[in-house]
Structure formats: structure tokens, C-alpha cells
Amino acid sequence: MAGRVRNRGYAVYLIPGVLASLAVIVVPLVMTVYVSFTKWTGVGDPRWVGLENYTRLFGDTLFWQSFGNIGLLVFAMAVIPTLLGLVLAAVLFDYVAKRFGDRWAGLFRSGYYVPQVLPVAVTGIVWSWILHPGYGALNQILESVGLGSLAKNWLGDPDYALYSVMFVMVWFQLGYPIVMFMSGLSRIDPSLYEAADLDGATWWQRFRKITVHMIRPEFYVVLVTTTIAALKIFGQVFVLTKGGPSNSTLVPSYFAYKNFFEKAQVGYGSAISTVLTVLIVILAFLFLRLQHRSEELR
């Protein structure tokens, strides 16, 4: 009984976090859902229109184009970094750390993680310089090695803009999976690898049978967080392309922003944000269910 009373006293320390969550997350979310059923310019009183915004939304070709683009960005920000990060983490942990020491492995890990801690605006501006068609470093390098015919307007051509953004996002996102997977690798019992070595297992067999199996929790965490980050991507697209050219890099979050602030169609922008939020919640729930089921089968 005394323990229960003591634990109840800790609830006081939760009050600031609960109030902050209500103010920053719950209240704005409820307001956004409400406004999505109205027609509002941001000034005056909202006018209730029911499902009109959603009916318009699902018939909007730009909305579906933005979701097609976000599908490719999910591949670039979640699938590729997760798989590539898993391999690179295993190489750093199994080869670099053992041959050159933990300091060198940590140095490479930190180098990969640097893009994650840099401001989004800074990375976007730097990459816009690198990919600039006139004075950009990439085109200059191609011309200097005799491959000038491959030089493109990487961010200004609708045929290349989205793939250029995807490349930048792979670079940006890669460090996070590496850090997470190296942390997971450090908790694996070394005797498992020693036993596999005695049995004559190759590096690939150890990687597939031991590494991938043992860091499955980290794998799900990385996949969930990177997928959510890809679905709500905004800053990089805003800095690099502003959804252009010709809406070739338009994503739902930037589409909502344009309707909110450029077109003053707050109700329609809220409908876009609501649909995106529901999609993120559903995907997160499915990932968590999949992870729970996988742990039960272990």
C-alpha cells in the first residue's frame, strides 16, 4: 500500500509533459481535424462544409501525384538507408573495429551521422550548390573527367529532380541506421560469432544467420522511424525544389503548406494534413503489430 502511494506521488512530475503534449500535439491535431471539415481562409469564421474538402481531395490529381512521389521518397529514406546501413554497420563492427580499432569505427560512424545533426536548411543549400546546372560541383566534375554529356539540370529538370532529391535523402538518412545497428551489434554475444567461425561459416553466413536475426528489434525501430520521417518530409523539399519543377517533387506535407499559406485554403490544407496523419498512424500501428508478432515467434 505504501509503495502504491509513493508511486502515485510521481504523477506530479508527469504533469508538465502531459500539458506540453496537450498544447503542442493534441489541441492542434483536434483543431486541424475540425478545420478540415470547413472552408476557411485563416481570417474570420470557418464555414462548415462537411466532407467537401475530402471529396475534392480524392479527386485532385496533384494529391495523388504527391503520394506517388512520397512512395519513391519512402524507398529512398527508409528502404535503401536501412538495408545499406545494416551492411555498413556490420562492416564497421566486424572488419574496421577489429582490424583498425574501435576509434576508427567510431570515426566512420560519426562521419556518416553528421548529416543528421546539420540544420536542414544548411544541407539543402549546400546540395543546391552542388547540383546547380551552371556552377555546381557535380557538373564541373563530370566535365573535368570528359563526361560533360552527362551533366544535367539535376533539380530543374522534371525528369531528374525527384531522383536527385532521393539521392540527397539517402545521403542524409544513412547515418541514423548505422548508429542504431552498431548499437544493436554491440549487445550480441561474441560467443555466437566464435561458434560460427569454428563451424566454418563465412562472413555472409554469419551476417545473415546471426546479425540480421539478433538485431531485429533495431531493424523494426529504424524502419518505422525512417518511414514516418519520409512521409512527413518537408524541409529538404522546400529548400531544394519547392515541389517543382512542374510538381515533380511535390509531397503531401508541402502540398498542404501551399494550400495553407500560398492559397489561403486552410480547410483544404487541413484535410491533406489529416489524411497524412491517419496514414502515418496506420503504418506505425502495422509496423508495431508486425514487430510484436515477430517477437512472439522467436
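The legends below describe close-up views of one predicted model.

Residues are numbered from 1 along each chain as its sequence is written. Local features need pLDDT of at least 70, side-chain atom pairs count only at pLDDT 80 or more, totals for chains, interfaces and linings use all residues, and side-chain values use heavy atoms, with hydrogens and water left out.

**View 1. Confidence along the protein.** The average pLDDT (the predictor's confidence in each residue, from 0 to 100) is 88, and 95% of the residues score at least 70. Confidence is lowest in helix α1 (residues 2-9), with a mean of 58, and highest in helix α8 (residues 161-173), at 94. Helices (H or I, at least four residues) and strands (E, at least two) are DSSP runs, numbered from the N terminus. Where pLDDT is low, the predicted coordinates should not be read in detail.

**View 2. Helix α12.** This helix covers residues 216-231, and its end C-alpha atoms are 23 Å apart. The 16 residues should span 22 Å at 1.5 Å a residue, which agrees; the expected span is 1.5 Å times one less than the number of residues. Its buried residues (under 20% relative accessible area; exposed is over 50%, partly exposed in between; 1.4 Å probe, protein chains only) include Tyr-220, Val-224, Thr-227 and Leu-231. An α-helix has 3.6 residues a turn, so residues three or four places apart point the same way.

**View 3. The largest pocket.** On a 1 Å grid over the protein atoms alone, a pocket is an open set of points where a 1.4 Å probe fits, with protein on both sides within 12 Å along at least five of seven lines. Lining residues have an atom within 4 Å of a point. The largest pocket has a volume of about 270 Å³, a volume being the space filled by probe spheres set on points joined across faces, edges and corners. Of its 13 lining residues, Lys-232, Ser-253, Ala-256, Ser-273 and Leu-276 lie nearest the centre. Two or more lining residues come from each of α14 (252-262) and α15 (266-297), and α14 gives the most, with six. The lining has nine nonpolar, three polar and one charged residues. Ala, Val, Leu, Ile, Met, Phe, Trp, Tyr, Cys and Pro count as nonpolar, Asp, Glu, Lys and Arg as charged, and the others, Gly among them, as polar.

**View 4. The second largest pocket.** This pocket holds about 150 Å³ of space. Among the residues that line it are Trp-40, Glu-52, Arg-56, Gln-265 and Tyr-268. β1, α3 (52-58) and α15 each supply at least two lining residues. By class, the lining divides into four nonpolar, five polar and three charged residues.

**View 5. Aromatic pairs at Phe-58.** Rings of Phe, Tyr and Trp (its six-membered ring) pair if their centres lie within 6.5 Å; planes under 30 degrees apart count as stacked, over 60 as edge-to-face and the rest as tilted. The count comes to 24 aromatic pairs. Phe-58 and Phe-63 form an edge-to-face pair, 6.0 Å centre to centre with 90° between the planes. Phe-58 and Trp-64 form a tilted pair, at 6.1 Å and 40°. Phe-63 is buried, at 1% relative accessible area, whereas Phe-58 is partly exposed at 43% and Trp-64 is partly exposed at 48%.
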